[in-house]
There are 2 protein chains.
Amino acid sequence: MRLADLATPALVVDVDVAQANITTMAELHPGARLRPHVKAHKCTLLARMQRDVGGHRTFTCATPREVVGMAAAGLGDDLLLANETLDDGRLRKMVECGGRVTVAVDSRDTIEAAARAGVGEVLVDVDVGLPRCGCGPEVAGALADRARQAGLVVRGVMGYEGHLQMETDDHVAKVASSMELLQRAALDVGGDVISTGGTGTAVAHAELSVANEVQAGSYVLMDSQYGTRDLPFRQALFVWATVISVSERYAVADCGLKALGMDHGNPTIAGAQVWFCSDEHVTFSGLAGLRPGHRIAVVPAHVDPTVAYHDRMHLVHGPPGADTEVVDTWEVDLRGW
Amino acid sequence: MRLADLATPALVVDVDVAQANITTMAELHPGARLRPHVKAHKCTLLARMQRDVGGHRTFTCATPREVVGMAAAGLGDDLLLANETLDDGRLRKMVECGGRVTVAVDSRDTIEAAARAGVGEVLVDVDVGLPRCGCGPEVAGALADRARQAGLVVRGVMGYEGHLQMETDDHVAKVASSMELLQRAALDVGGDVISTGGTGTAVAHAELSVANEVQAGSYVLMDSQYGTRDLPFRQALFVWATVISVSERYAVADCGLKALGMDHGNPTIAGAQVWFCSDEHVTFSGLAGLRPGHRIAVVPAHVDPTVAYHDRMHLVHGPPGADTEVVDTWEVDLRGW
């Protein structure tokens with residue numbers, strides 16, 4: 001099947017670029033030094049590609065559903081839920097999933113929930129500057145003690161410096177400051193894991209070598225926001241769309257708010273100006289000679305909430321065009337919670 | 001089951017408010033004067049409530065999937081795809097779905113696609129000021145002629161004044177100007193349908209009486225953006241979430257970018273200040289006494305792309321609280337395209 005025959009809107013992945021991105025990242029952070037985050041692509045076959053092409057066997061998840069799905073796909077060697085949960089049922093499902101599962105904790109309550117459900121191993125999640133989950137670095141040691149008293153093995157610390165992923169001023173110095181907090185907490189906590197990072201800080205972490213694992217995920221597929229940073233990863237993900245209406249001033253394609261994560265703003269279309277998106281439409285101008293029925297590639301501003309809208313992704317070799325062959329279709333099988 | 005026992009994040013609908021909203025709208029636009037848009041809730045059981053409580057038997061859809069699903073649910077008396085498509089396969093599925101299906105056309109290409117697939121009836125979609133689909137009013141008559149030559153029955157016109165849904169300055173006058181364009185096109189096109197409108201202009205249309213059917217959808221569930229307008233509809237939809245982390249300055253709940261449409265900005269939480277959302281989190285402050293495990297109700301800024309992330313909605317009577325009983329769970333069965 002050619003892309004011209006694909007029902008739209010539909011996710012399209014340039015598998016050559018995805019593989020190149022995986023290879024580039026594996027050179028920066030080989031093997032277990034990268035713990036790829038699956039929340040960006042939510043696809044066990046892409047995770048398998050990260051294992052086979054990148055040599056990574058440890059993975060990061062954001063939801064219990066991702067953990068359970070990864071284990072079911074045979075990718076459960078070492079799964080980290082880099083997120084807090086107090087849901088007894090879901091914690092138990094992770095315990096029973098057959099994989100090695102480590103859960104983030106940042107409070108007495110999350111420790112108790114983990115212990116109650118029979119979780120074996122935890123990381124203490126430390127606030128390294130992003131106002132989100134994570135305990136203060138100064139109490140990380142006490143939480144680790146409490147976790148051990150509750151019968152949990154404390155493997156070390158994690159802390160996500162999400163506020164620095166798009167920061168370009170004094171980037172490395174700011175990441176280093178953030179890592180000082182994590183390193184101090186790691187000394188108090190014990191264990192051998194210092195886990196952090198994302199696509200925007202992966203290069204800095206290769207230089208700093210404080211963390212011993214980086215949780216990047218977006219680098220495989222990329223999005224237009226990360227594309228504005230000078231990162232060694234290229235755009236592999238597109239939403240393939242059909243032009244359905246053309247006027248003198250603008251054109252409209254069938255890729256809207258229900259096919260795109262919009263928190264980072266409008267998507268981009270090469271050579272065009274995007275005016276706005278509606279539920280099922282993107283209005284844009286600047287492409288000459290368009291007719292209803294023509295196909296275009298839309299680049300989402302934020303990969304994670306875009307992929308979460310779609311059932312499947314279609315693989316192609318090279319940049320998407322009407323004549324490009326679809327070589328495979330993969331299920332986005334880790335959606336939901 | 002109580003809401004305290006519900007896995008989160010999860011859609012919760014106050015069914016009393018939803019029914020009251022349906023009743024209020026049916027007083028404004030009874031029977032076929034409202035053609036409820038199902039794109040906002042994507043749920044055939046809610047559409048059935050619109051039929052049973054509101055007395056509406058004609059419906060508006062944004063995608064072929066919605067049309068086919070509505071017909072399969074026995075709600076196919078008169079379905080309008082208020083959107084353009086050139087997808088032969090999906091057009092044929094609508095033709096074969098067993099319902100009465102009318103499709104919007106705004107170009108020679110969309111007319112040809114409809115005729116090729118065996119569509120029987122169309123509306124001419126007219127640009128009434130929103131830069132999206134719709135032909136210029138001046139060519140609507142010629143397009144209607146062309147459609148009739150292609151063997152299609154032209155039932156009339158539609159035109160969506162989406163740019164006026166949130167407009168409060170000279171609201172009725174601006175809607176009236178927009179309707180002048182549609183009325184002029186209707187004279188050229190013929191047929192007896194003049195279809196338009198949404199939740200934000202439904203009151204104006206009751207006053208103006210130019211259109212003979214209004215395509216409102218959001219009014220059943222509502223969102224915080226429409227909530228800023230002085231409309232006679234109340235908030236029925238919430239994303240139910242669990243507090244998973246609490247610090248001195250803020251708290252974090254498990255309702256993020258993959259559970260919320262974000263194009264209209266951050267969600268709201270009663271009594272709280274929302275700081276920002278991440279993929280799986282909302283960070284907020286201002287609620288005293290929160291502990292991990294507490295539950296909160298998050299009000300999305302935009303109903304349509306929020307519902308599209310969820311598999312199901314949970315029905316309650318009255319405002320959501322931890323002890324509120326879940327009286328039913330309905331599938332969001334019209335998702336996708």
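**Figure 1. Ser209(B) sits in the loop between α8 (202-208) and β8 (213-214) of chain B.** Ser209(B) is not a glycine, yet its phi is positive, near 55 degrees. Helices (H or I, at least four residues) and strands (E, at least two) are DSSP runs, numbered from the N terminus. Please keep in mind that this is a predicted model, where local features need pLDDT of at least 70 and side-chain atom pairs count only at pLDDT 80 or more, while totals for chains, interfaces and linings use all residues. Residues are numbered from 1 along each chain as its sequence is written, chains are lettered from A and ligands numbered from 1 in the order in which they are written, and side-chain values use heavy atoms, leaving out hydrogens and water.

Figure 2. Although Lys42(A) is not a glycine, its phi is positive, about 50 degrees. Most residues other than glycine have a negative phi, and most peptide bonds are trans. Lys42(A) belongs to the loop between α1 (15-28) and α2 of chain A. Is Lys42(A) buried or exposed? Its relative accessible area is 2%, so Lys42(A) is buried.

**Figure 3. A cis peptide bond links Thr8(A) to Pro9(A), with omega near -5 degrees.** Pro9(A) lies in the segment before β1 (10-14) of chain A. In chain B, the bond between Thr8(B) and Pro9(B) is cis too, with omega about -5 degrees. Pro9(B) is in the segment before β1 (10-14) of chain B.

**Figure 4. The two chains superpose by a rotation of 180 degrees.** Chain B falls on chain A with 0.0 Å of shift along the rotation axis and an RMSD of 0.0 Å. The copies are thus related as by a two-fold rotation axis. Both copies use the same surface, since 100% of the contact residues of chain B recur in chain A, where contact means heavy atoms within 4.5 Å. The superposition is by least squares on the C-alpha atoms of residues with pLDDT of at least 70 in both copies.

**Figure 5. Helix α1 (residues 15-28) of chain B packs on helix α2 (residues 44-54) of chain B at about 55 degrees, with axes 9 Å apart.** This makes α1(B) oblique to α2(B); angles under 35 degrees count as roughly parallel, over 145 as roughly antiparallel, 65 to 115 as roughly perpendicular and the rest as oblique. Axes are lines fitted to C-alpha atoms, for helices over the stretch in contact, and angles run from 0 to 180 degrees between N-to-C directions. From α1(B), Val15(B), Gln19(B), Ile22(B), Thr23(B) and Ala26(B) meet Met49(B), Gln50(B), Val53(B) and Gly54(B) of α2(B). By class, this contact of α1(B) with α2(B) has five nonpolar, four polar and no charged residues. Here Ala, Val, Leu, Ile, Met, Phe, Trp, Tyr, Cys and Pro count as nonpolar, Asp, Glu, Lys and Arg as charged, and the others, Gly among them, as polar. The buried residues of α2(B) include Thr44(B), Leu46(B) and Ala47(B). Among the elements that cover the buried residues of α2(B) are β2 (58-61) and α3 (64-72) of chain B. Gly55(B), with a positive phi near 75 degrees, follows α2(B).

**Figure 6. Helix α6 (residues 140-149) of chain A meets helix α7 (residues 171-189) of chain A at about 35 degrees, with axes 8 Å apart.** α6(A) passes α7(A) in a right-handed crossing. Ala140(A), Gly141(A), Ala144(A) and Arg148(A) of α6(A) touch Ala185(A), Asp188(A) and Val189(A) of α7(A). The contact of α6(A) with α7(A) divides into four nonpolar, one polar and two charged residues.

**Figure 7. Leu237(A) lies in strand β9 (residues 237-246) of chain A.** Leu237(A) is buried, with a relative accessible area of 0%. Not counting residues up to four places away in sequence, its contacts include Leu11(A), Val13(A), Met222(A) and Pro300(A). The C-alpha atoms of Leu237(A) and His41(A) are separated by 9.9 Å, though the residues are 196 apart along the chain.

Key. Buried means under 20% relative accessible area, exposed over 50%, partly exposed in between (1.4 Å probe, protein chains only). A crossing is left-handed if the near helix is turned anticlockwise from the far one by less than a right angle, and right-handed if clockwise.
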